[in-house]
Amino acid sequence: MIITPVAASQELTKDARNKQEQVAIMRLRRLWEERFHPTEKGWGVFDIALNMDKNILLIAAFEKGFYRFRLDQTTGAITEKVQIKEKSGHRGFVIKVSWQNSGKRFATCGTDQLLIIWKDDYTVEKQIRIAEVPQCIAWNPKPQHAHLLCAAASELISVNLPRDPLFYRMQSTIWSIAWNNAGEIYALGLDNGAVSLRDRRDAEICIIHRSAHPVWYLCWAPTDSPRSGLLTVADWNRTISFYEATGKQRGQDYNIGFLPLYLTYSADGQIMYVCGGDKKVHALSTECAYIGKVADLRSWPLKCIQRRQEASKADFLVVCGDGMLNLVETVYQKCSHIHYATYASREALVNVLIRGLERNREVTIPVQDSIRKIAVYRNMLAVAVSDAVLVFRQNPHEMMLKYESLARIEQTIDCNQMLLAAQHLVLVNATSFQTLTFTGHIEQTWMTGEEIRYIKVIGGRPGGEMVLLTLQNGNIAKSMLNVPFLHVIVKVPTVPVCADLNQNLSKLAVVGENSVLYVYDMESKRLLYQEPSADSCAWNLNHPDMIAYSMHSLLKIKLGEHKAHTRRMEAPLNGMVVGYAGSKVFYETDGKIVVVDVPHAMLIHQSMEAKNFKDAYDIACFGVSESDWKMLGARALENLEFAVAKNCVRRERNYPLLMLIDEIEQRSKVGDGNADLYRGEIFAFQGRFDDAARCFSAGGRSELAVKLFTDLRQFAQAEQWATTEEQRKALLEMRADWAVKADNKRDAVELFLQLGDVGRALETMKDLGWGKRIWDTARTLDSISQRDLIATAANYLRDMNDVMSAVELYERIKEISVIVEIMLKQGDWTYLLSLADRQPFYREMILMPYGQHLIEHDRFTEAQSVFARAGHPEVATAILSELVTIAIDIRRYSDAAFYNWLCGRNAETAAENDDKKSKEAEKFCDLADIYYAYAIVDAAVEDPFSTHPVETIFNCSRILAARLWNAEVMPKGILLANVLYVLSVWATKMDANKTARISLERLRDLRLPKTLYGKFTETFVHNRVQPFQDPENLSDYCHSCSSFSPLLNTRNGYHCQSCGNALTYCQVSFEYLPLVEFVLAPGISQTEAITLIAADPSSVQVSSPSLRRQQDNMTNFQVERKTSDGQEEFFAEWKRTGPIVASRKVLQQLKEEDVVVLKYSSPRMWRFFRNMLSDVARVVTCESCWKLFSYDDYFSAVLDLGCCPFCRDVKHVNNAEKGYN
């Protein structure tokens, strides 16, 4: 509600102000004063300024310079006085001083026409000379803007540090300057009554033209003020006006009845303090309603600064024209009232603050008039102002607190206390009280005859509310507002200071001056109990037996006749308990209300100890912690108070427990069970298992205790309640099963062994990895009756990779096949071979995988013997054939040669008397020779930079070409085109142009790879210009018929064209070897032939000269062979065709070192060769593959490869190396 302001034509007269001051709501007290003697030319003190911290006061006095007072921030007392006189400062009187809001600078100006800006250390920052003596200065309120304005006569000086000052000339004298709160606009009050509004850049916004009266002071309303953002203008016409920043006037001109010299707002912006020409400082509302007098002085007050503002008091610094500086304190009279949980108090002298204490809601009603008294009753409010009483009522349709005007009683209330009822005001005086209707009619008056110490409207029907009051003589009385007499309830033995009735009006509480609390029964008037140390009390609005009382900072809560619960406030509260609702106690202290949350856990415990669970639940509903709710529900359940327990459980939302309570309640109604069993079920649900077991036992059902601990897997506790052996055995089994499920397998092993369940014990040991324990346990078992358990243990050990222990157990139960399977996986061939010797039945099972193992490790020779021993030589051949195919497919021809040789060897072993097998063996051997040579040819084709010598590649290709020239079917993977291509290229390099041409001519009919076309064409063209001949020194010389053979024999392969005998060559360098093959005469065995050859030649008379070879050059090579009759015996019987046959006589004549024997395995016959140049060309053989080698080439290859270059044998190579060394 807004109070209508005084009209401009209705001046507030002096008599009216005096009448209002008689009921003043403020008490004045001067804290200190300082006198500054006035000069003969002017005032004693011109100006004062207080910094933002409120501890440094600057005073512009009549002396040259100015004063600095340091004030105590709490009390305002002067702690230091310093007079500032600087050589660089003023030379005349300082008349104006102003602090910047940041506190870093302040400004002064004086009669010496100087404007000086000072730093906070009182050193001069800037001096500005002006033309006239200044009248006012003002800083921009924003600390970041160091902008100072100064007015001297009609000149305006704008100083925006650090820039130079700007000077402006106005149309009239400037008396006042004021910045707005944002620091963006300032106003100038002029002597001609106008107001100029300018922005921060000094540009004029507008001019407000008013009356011709000088504008003496300007002030912008603070942000929190109802006049926020408005400019307040005070002129010498005794009026105050309000304007917006745009120049528009808000409201009308308010005539205040005195000359305004200075104007400022309170810190909260609700009150204006005006220094008047009537030598007083007045407090006005923002609607210019008179509130009260702040200071009464002996001279004109020039300036008033509010130093501190609190809820109940404030102090002001006031400087007067007679040179007196005062610190004045104003104390506000208490103005508040509480009814139940609604509290109303005066705020900022002109507003009413209403708080709903239970729900923590509040609302402010702006009365904008001097508030004298306040009363609240339920949803109604009464406010007594200077000349009326305003009645409000809360809007019931609003969720928030919102009050509407109900009535206005045009009367000035003069009483000690004002109360409110539904239809009346209760006006209380010293010994009487009366009711006043909302129309202003006095309805009833009660005379008490004694001083009324306390009075309170309790409540009741509208118009007939009960009033409780205490009298000086100790009487406690009551009356109804519609009953004209008092009824004395009781009399206390002391002077009562306060009293209260409980919720149902059954108990009366009285506190006396002796600080004792008396509690009476309203029906019997009997004293129920009394408690010491009480200065105020209040019954709980929601519980009839709970009362709160206090003494200083001690708060006590009492429930019925139980012991009071004492609580010391964290911060001392020197007030009184005025209300108690639920768990909140309302303290009134220092003019404000404090809500204290009180824990009720102790009261709940007291009720539960007294088995009064209904009270305990009611108290808990005021607000307790979750733990308290759980405790109350648990205790109620223990005592089978199902109603309270269910209510507690519902709040916890523990629906399973709620269902259990319902079930037990229904069972209790039909007599199913007893109280001990009910408690046992409840304790079990709550986790109090030991208590539950005891209850089950007390109820005669000990088996329920066993089942409880069994379900909880607490078998040790369950065993304590077991009474029979069957129960104990069942517990042991369940304990073992649970140990497994709970991963406590160590205990499970022992439990299974105790039960005799060895199988599960072994399984658990396996899970734990106890291989040694499994083995030890299995060894104790009988191998016949417990064979399956031993097998299980062995399988577990096998899974745990403890192979030897598993094998030992398998041996106990004669599981040889499993042992073989295990050792095959382990690859322990030593053990398996010994087992094969001991167990012939499993020999094939062992040897077949072993042979496969040997083949995988390229130990083919050993594999053949193993497969033969296993009775399956064909397996080795099949595997080798597959390896041959793979080697050819991936063009590893040397490996193909090796595998073909092994196949031939297997075929020889299996041949015996089988001619088919013998031919097959010869075929494999021929293929081995071909693939071995072709590997070199293929390498020459793929890599032109071969590591083999040129002669080796040339001889290899021509020998291979001769063997393949007339072949009907080419071996798999062999390309004759590649052979001929290599032969042609390398023959050209050896100048064997004839051989190269023959190869090229044949090559024209074959398909040559595209990658070789270019080289082929080049070689072909080059060959065409060369002579068609080969070097004679490259031709092969047949030592059988003493004739030369062409380099490329295209008729019968690598044989002599004259005699047809096969020519021999080294398997490493492919050079021709000077060997002549001979066969044994009929009747001579291979063994006898060796004996004859090894015999001493001296015992045999042979008259044959030595063979001499005379060779001057390869074209004139001759050999003479002579015997005693002209021919050597070795060639005597030979007809220059067919094989050479050696008789016993011939064999005896041969030297052992000249004979080379290829000792093939049976049934293949041995082959005998004679080295015709044994002293020049040494020939050796590999005892594994029986291939011929040049001595030097063989051992050079052995040193490089570590084995025979053809059959890859190592054993015989080692024997050969010993002979070589």
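Trainee: Where in the chain is the place of W1186?

Mentor: This is a predicted model, in which local features need pLDDT of at least 70, side-chain atom pairs count only at pLDDT 80 or more, and totals for chains, interfaces and linings use all residues. Residues are numbered from 1 along each chain as its sequence is written, and side-chain values use heavy atoms, with hydrogens and water left out. With helices (H or I, at least four residues) and strands (E, at least two) taken as DSSP runs numbered from the N terminus, W1186 has its place in the loop between β66 (1179-1181) and β67 (1188-1190).

Trainee: Is W1186 buried or exposed?

Mentor: The backbone of W1186 has a positive phi of about 55°, although the residue is not a glycine. Buried means under 20% relative accessible area, exposed over 50%, and partly exposed in between, with a 1.4 Å probe and protein chains only. Because the relative accessible area of W1186 is 14%, this residue is buried.

Trainee: What is the phi of L349?

Mentor: L349 is found in the loop between β30 (342-347) and β31 (351-356), and its relative accessible area of 2% makes this residue buried. Its phi is positive in a residue other than glycine, with a value near 70°.

Trainee: Is the peptide bond from L161 to P162 cis or trans?

Mentor: P162 has its place in the loop between β12 (155-160) and β13 (166-169). The bond from L161 to P162 has omega near 0°, and is cis.

Trainee: Which residue of β28 is the bridge partner of A314?

Mentor: Strand β27 (residues 313-320) is mostly covered, with seven of its eight residues buried. Two strands pair if DSSP finds at least two bridges between them, and β27 pairs with strand β28 (residues 324-332) in the antiparallel sense over seven bridges. The two form a hairpin with three residues between them, where G323 in the turn has a positive phi of about 85°. The bridge partner of A314 in β28 is T330.

Trainee: Which residue stands opposite A314 in the pairing of β27 with β26?

Mentor: Strand β26 (residues 301-309) pairs with β27 in the antiparallel sense over seven bridges, and these strands form a hairpin with three residues between them. The residue standing opposite A314 is Q309.

Trainee: What is the average twist from one strand to the next in the open sheet of four strands?

Mentor: The order of this open sheet is β49-β50-β51-β52, with antiparallel pairing. Its edge strands, each of which pairs on one side only, are β49 (536-539) and β52 (565-568). Angles run from 0 to 180 degrees between N-to-C directions, and axes are lines fitted to C-alpha atoms, for helices over the stretch in contact. From one strand to the next, the twist averages 20°.

Trainee: Which helix packs on this sheet?

Mentor: Strand β50 (residues 546-551) and strand β51 (residues 554-559) pair in the antiparallel sense over six bridges, and Y549 stands opposite K556 in β51. The helix touches β50, β51 and β52, and its direction makes about 25° with that of β51. This helix, spanning residues 601-609, is α2.

Trainee: Are helices α25 and α26 roughly parallel or roughly antiparallel?

Mentor: The axes of α25 (residues 976-989) and α26 (residues 993-1003) come within 8 Å and cross at roughly 150°. Angles under 35 degrees count as roughly parallel, over 145 as roughly antiparallel, 65 to 115 as roughly perpendicular and the rest as oblique. The crossing angle of roughly 150° therefore makes α25 and α26 roughly antiparallel.

Trainee: Which residues are in contact with I953, leaving aside its neighbours within four places in sequence?

Mentor: I953 has its place in helix α24 (residues 950-964), and at 2% relative accessibility this residue counts as buried. With contact meaning heavy atoms within 4.5 Å, the partners of I953 beyond those neighbours are I936, A940, S946, H948, V982 and W986.

Trainee: Which residues does N1061 touch, not counting those up to four places away in sequence?

Mentor: N1061 is found in the loop between β57 (1043-1045) and β58 (1064-1065), and its relative accessible area of 17% makes this residue buried. Under the stated exclusion, N1061 touches S1040, H1055, C1056, W1134 and G1138.
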